[in-house]
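Please open the model in your viewer and keep the selection panel at hand.

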Amino acid sequence: VNITMHHPSFRFLSAGLFSELNAISTDEVIHHLRNFLGNFLLDGVIASAYLNRFGQVPSTEWNDQINAWLRYLSRKLVLLQPFNEQARQINVKLTGFADEHLKYLYRCRLPQNIREKILSPRVNDQQRRRRIFLDLLQNYTYSIELIDQLLLLDLEQDIPMGSGWIDKCRVPPPLQRSLEGLVARYCLLQGDCERARMTIEKGSLDEHDEISLNHAAEIYARTGDTDRAIALYRASLALDPLQVPVSFRLAELEHPFTPDPGMLEKRIVICLYSYNKNELLQQTLRSLATTERGNAQIIVLLNNCTDGSQVMVDAINREMYDGLVEVIDLPVNIGAPAARNWLLATEKARNADYVAFLDDDVEIPRDWLIKMLTVLRNNPRAGVVGVKILAPGKPRHLQYLYRNIAVARKDLLRISLDTPNFNYDSGVYDFVRPTANVMGCCHVFTRAALDEVPWFDIRFSPTQMDDIAHDFDLCLKGFKIMYCGLVECVHHQMSGMGRNTSADLIRLGNVLGNDVKFFYRFAQDLDGLGKLSNLSLVPEQPISQQDVL
Amino acid sequence: VNSVPFPEWIAKGGPDLSSVVRTFRQQGWLDPLLGVHFGGLMLQKKNRDNRSSEAWLAASLLQQVIAILPFGAEALDRLDVAPQQPGGVLSLLREHREEVRAASIGRDAVRRILGVSDQATLEEIALGNSGLGWRYVALLGLWRTGEGERFLVGARRLMEDPLARGLCAPMLAWGFFAAGDIDSALHALEHCPDSPLSWNLKAELALLDHDQERARSCYLRSLAVQPGQPHLVYRLWELNRLHVGQCLADNHHVQVLFYTFNKLEPTLQTLESLLSSRTGDAGITLLNNGSTSFSPLELEQRVAATARGREVRVVHLPVNIGAPAARNWLWHLPEVRRAAYVAFLDDDVLLPPDWLECYLQDMKDFPGTAVVGPLGLDPGSMPAIQYVDRYFQEIGEHKIRFTHNAPFPWDLGQFSLRRPCLSVMGCCHLFDRKLCDRLGIPDFDIRFSPSQVDDLDHDLQIWKRGGKILYDGRVRVVHLQHAGKSAPLTRASWGHVWGNHMKMESKYSRSDLEDIHRKVLFEERSHWERCLEAVSPDLPPEAKEFMAVLSRYEGHCESP
């Protein structure tokens, strides 16, 4: 969406990693990359973004550090996208080593006119795209580009990998293993772990490819073979110790988290607020009713709903909660941050040891509360815990994991990405770790945290950024923000913005306006915010990197 | 956010002549820097003809500048090109040219002194050994910050100098008047009996005595001396409409609403002033927006003690929900829904006794008005103007710049009038509830929480949906917030203001804004023409001609 905002006092960087990296210096890009690596594993798009940015540095300014990162990234890109010719060419150029695969890739190339056809993004309809590609495959059974695209389409549409077409493919044997590796990877992402396991056991596992090892590890973890999983993750870390999430995941497998059901005996309040989302709220309350809550008290605040939510809540309250849910029905919509504060000001919440907030459009697992409370108990300085947020639908997409500070300069503040770009859920983020922000649609606060930072900031009304600001306030007061990837919350948030409808523009203006408020609200605390990064977890340059593929 | 500062405005190509003329007509007294610029520009034109209407307009602008800033160096430079006029300040200036030049003060220094908010510094300049020009401008600075006592000392001292007395007495007379020293004002008037400012002040004094006829003849005399005073057309029109007393007797159902967050004393001051104003049997409700600096009980006790038997309902909320949500909360109370008129007050205002009577009269005099608002004054012993009627200064695709909330801080009676406008100050405004419901005016928008911009945005919504807004400068409300000496905004507060402005801009497309602008201009201009037509028979011929020149330069105003 393009919107022109005129103001002498600030300017916006357009969204996206590319523009962000272009706005910062080379040294800051290295910090940025290290921070990213402390959060997530690289994927093709992200690795390319950093690689491009380093590529813009004049070669006269290349030093050992930049060189090392360039090689690290180009190697990673080759592993992530084994059929990407350009990535391999860059890697050859950077390392000086030949690449056997390249000549096979050249051999499998499509004729140029066909190639342009499949690269064209004009066909948005995925099903149609898939049909066109399948037609082409009849004539070009060797085309690794077609196969690559079709695998991705199968993954996205949750069609069993290669069904009806993969047997027809004829790729050169040296590429066969990469292809099967990809099939195994995508089977895992679709949740078909049995087939994924069969595929790697047929020999697709590449022991020199940490990405292949990571997926194999997760496949074994999911099929009950924890020891194999641990061994594979260890091997992966030996190849690339900079994979911070792998370290956390390995630790989780080595010492599994044990939930403490006794935590449910604490005084707990679960708060929800809603504004005209009758059906989703109903679904949320039904989901909540089936979970283990001990004696937790539930309060639902209705923000002047005009869609019959009151009647619905009353009915569910009687049907599933023995009428114990406290309902607050406000005569006007006071917005999200004020609604949160209203709930926090209730007698129940003021006397609670723990206060949970759930959005009105979530599905949560049975043991969410026990696990989240146990995380808080295990981490005495923890002020809040959040969970792994998934988008609805299949295959499973990560919607929000955790964030910290990517750039805190006196003229620029950027919060890190909320998920990797390639955001299918392999399970590698199933661990507990500290961070700087977790998603506000399902989080639990400790009494101490709420005593110290009692209010959500109503300047961010009606919504957006208030939960992030609250987390950062807690960080600045010395609290830890905990992420618990062992709880999965499905968030039925409205899908992203459409294109240029006036409602979208207004919403965007709201988001941007809140961004301005956010920046200036923390303008005095930029030093403190700058410390909320992963620099201590990732070395200044990669060590003992393998260049040979 | 509110308006482009003057120098940047000029640098960007500036406004066109027609909008300068409109600004002049609306504001009566232009910012002297603007006056010098445009007056000079018009006079520099090649082949200028001193008898042309453009030269006449330019001369009027320059004469204004000289009246406000008699020691202003830039205006003095242009003295020769200004058309000759007998008597008054101009001839004095020409007579003492060298002396005046020695005491003159340049534009940058004026801007610097007027930017000073520290009263001790201003006092030092006003009483020190600086040139007369500096001392005089420092007095204007003290006036601007609301400091009457120091102004009086400095002004009396300046009046001892014969040259300063001759040149500055008319402005200083208004200053004495603003500081409540009528004797000194009368004394100053003796030194400059025939200046337009003097005649205008005499009219103001006559109005204090309820002598409308005397006021009328003073205004007409003033216009004879200086025809270029469009604001007097409004003032003359208002003279026929001073009877407001009976409006309350019409038994309107009025609800007065206000809300506070942590401001106990100002809230009680507001209540006190509300209760001592004439409000008939209006309902009064105070919303306690989750205040933490006093308990609900304490508030109720203090309110009861202040109300002395008058019923004041107090609604307590557990947390601060912000101003727009608080307004909506009050707006949707059952008895407020039933009201004919609903007033919102800030929790830090001092009201004149007849505010509600004036507003109810406005609703009758200006049909279709959905909301009416006041002239806002800074607090202080010499209140400066804080807020008047506002318009668009610049609009574009998701771009809004408003005219300044106080384009001219010194009250010379030029804003004591009524007219339709884009937006009024939200610290004391009255809504026609039934009309708002009929037009489907939305609630105050909570995206602007906790405050700022929500009332501006609401005014835009009113115009957008076919309602009108009226400014009533007869209602002078002291707004205790934003005192001249208050601390500057923090960066976080500026960020909040900017963020909210951007949220508002994103709500309106260019065509939305252009529609609103057209409607506002049409209503505003139509009112001017009505006033002009009504008072025209009385006007001196030159004034009549001048107003016709104004209309010509301002151009035709299309019906929306």
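## A loop in chain A

Begin with A:Asn276, which sits in the loop of chain A that runs between β1 (268-274) and α15 (278-289). Its phi is near 60°, a positive value although the residue is not a glycine. Most residues other than glycine have a negative phi, and most peptide bonds are trans. Please bear in mind throughout that this is a predicted model, and that the predictor gives the complex an ipTM of 0.88 and a pTM of 0.91.

## Two cis peptide bonds

Stay in chain A and select A:Ser461 together with A:Pro462, where the peptide bond from the serine to the proline is cis, with omega near 0°. A:Pro462 belongs to the loop between α20 (447-452) and α21 (466-476) of chain A.

Then move to chain B and select B:Ser449 with B:Pro450, whose connecting peptide bond is likewise cis, with omega near -5°. Here B:Pro450 is found in the loop between α22 (433-439) and α23 (454-464) of chain B.

## A salt bridge across chain A

Return to chain A and show the side chains of A:Arg222 and A:Asp430, which meet in a salt bridge with an N to O distance of 2.8 Å. Which parts of the chain does this pair link? A:Arg222 is in helix α12 (residues 210-222) of chain A, whereas A:Asp430 is in the loop between β10 (412-415) and β11 (432-435), so that the pair joins distant parts of the chain, 208 residues apart. Side chains of opposite charge can pair when their charged atoms come close. Over all chains, the structure holds 76 salt bridges.

## Each chain as a whole

Now select the whole of chain A, which has 23 helices and 14 strands, and whose C-alpha atoms fill a box of roughly 70 × 50 × 50 Å along the principal axes. Its radius of gyration is 25 Å, which agrees with the value near 24 Å that a compact globule of 549 residues would have.

Chain B, selected in turn, has 26 helices and 12 strands. Because its radius of gyration of 24 Å is close to the 24 Å that the globule rule gives for 560 residues, chain B is as compact as a globular protein of that length. The C-alpha trace of chain B spans about 70 × 50 × 50 Å along its principal axes.

## Colour by confidence

Next, colour the model by pLDDT. Over residues 1-6 of chain A the pLDDT stays under 50, and the model has 23 contacts for them beyond four places in sequence. Residues 495-499 of chain A also have a pLDDT below 50, and this stretch has 7 contacts in the model beyond near neighbours in sequence.

Chain B averages a pLDDT of 89, and 90% of the residues score at least 70. Over residues 1-7 of chain B the pLDDT is below 50, while the stretch has 25 contacts in the model beyond near neighbours in sequence.

## Where the chains meet

Finally, select the interface, where 31 residues of chain B are in contact with 37 residues of chain A. About 2,900 Å² is buried between the two chains, and carbon and sulfur atoms give 69% of that area. Highlight B:Arg491, B:Trp498 and B:Met502, which supply 22% of the area that chain B buries against chain A, more than any other three residues.

How many salt bridges does the rule find across this interface? The rule finds 0 salt bridges between chain B and chain A, whereas 7 residue pairs are in polar contact, both residues at pLDDT 80 or more. On the side of chain B that touches chain A, α19 (323-331), β9 (399-402) and α24 (491-507) of chain B each supply at least two residues. The largest share, 12 residues, comes from α24(B). By class, this side of chain B has 12 nonpolar, 11 polar and 8 charged residues.

Methods: Residues are numbered from 1 along each chain as its sequence is written. Chains are lettered from A and ligands numbered from 1 in the order in which they are written. Side-chain values use heavy atoms; hydrogens and water are left out. Contact means heavy atoms within 4.5 Å. Buried area is the accessible area (1.4 Å probe) that two parts lose on being put together, summed over both. A salt bridge is a side-chain nitrogen of Lys or Arg within 4 Å of a carboxyl oxygen of Asp or Glu. A polar contact is a pair of N or O atoms within 3.5 Å; within protein, one must be able to donate a hydrogen and the other to accept it, and residues adjacent in sequence count only if both atoms are side-chain atoms. Helices (H or I, at least four residues) and strands (E, at least two) are DSSP runs, numbered from the N terminus. Ala, Val, Leu, Ile, Met, Phe, Trp, Tyr, Cys and Pro count as nonpolar, Asp, Glu, Lys and Arg as charged, and the others, Gly among them, as polar. pLDDT is the predictor's confidence in each residue, from 0 to 100. The radius of gyration is taken over C-alpha atoms; the globule rule is 2.2 Å times the number of residues to the power 0.38.
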